[in-house]
Amino acid sequence: MTKPQIWVAAFLLLFIALFILGRVTQKDESEQDFSTMNSQQMSEQTSEQVTGEKLVQSFGCVNCHGADLAGTNMAPSLKGLKKYWSSRDALINYLRNPNSFMDSDRFKAYEAKYPNGIMPSYDNKDVKDLGKIADYLLKQ
Ligand code: HEC
């Protein structure tokens with residue numbers, strides 16, 4: 001090879017090397033994009049995945065019904081609700097408007113037993129969240 005040929009070959013190699021380097025770094029960036037997108041999706045998923053158990057805590061149900069939902073002197077136990085509430089929809093309706101259930105003997109007895117506690121209505125809450133709570137309570 002003559003000297004000019006060596007130069008040309010060297011430049012060609014340099015270009016090829018730069019080209020490959022460019023490709024590799026580009027790939028890194030797109031992988032990075034993908035990973036940030038993934039973590040965003042993950043945080044959306046976690047807000048979707050807030051459990052009934054967490055909601056019962058964050059909505060303050062445990063303040064009256066007890067940390068273990070076994071009842072306090074303010075409110076009855078929420079264990080074994082399945083025998084009173086046949087469906088999650090009925091339970092959601094109750095959470096949204098407990099006053100409309102006060103006529104039944106069971107609730108009249110509660111009223112007498114827990115004069116200091118009043119079950120608040122949660123009609124300002126997302127029905128999806130109430131559904132999660134209902135699902136959770138029906139398993140207790
Ligand atoms: C301020 C106290 C208080 C808070 C907070 C509270 N409750 Fe109650 N809850 C009561 C009382 C008292 C009763 C009994 C009925 C009555 O007297 O209104 C009751 C009754 C109930 C019942 C009916 C129980 C049965 O035997 O059928 C359910 C279900 C229930 N609460 C769920 C919840 C959930 C879920 C939350 C949170 C989203 C919550 N409660 C928050 C006081 C409270």
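Start by selecting W85 and the ligand: an N or O atom in the W85 side chain is 2.8 Å from a ligand oxygen, a polar contact (a pair of N or O atoms within 3.5 Å). This is a predicted model, where local features need pLDDT of at least 70 and side-chain atom pairs 80 or more, while totals for chains, interfaces and linings use all residues. Residues are numbered from 1 along each chain as its sequence is written, and side-chain values use heavy atoms, without hydrogens and water.

Next, pick R106, which puts a polar side-chain atom 2.7 Å from a ligand oxygen. Then try M119: one of its polar backbone atoms is 3.3 Å from an oxygen of the ligand.

Trace the chain between them: H65 sits in helix α3 and M119 in the loop between α5 and α6, 54 residues apart. Helices here are DSSP runs (H or I, at least four residues), numbered from the N terminus.

You'll get 25 residues, with C61, C64, H65, Y110 and M119 the closest.

How values were computed. A residue is near a molecule or strand if one of its heavy atoms lies within 4 Å of it. A polar contact is a pair of N or O atoms within 3.5 Å; within protein, one must be able to donate a hydrogen and the other to accept it, and residues adjacent in sequence count only if both atoms are side-chain atoms. Helices (H or I, at least four residues) and strands (E, at least two) are DSSP runs, numbered from the N terminus.
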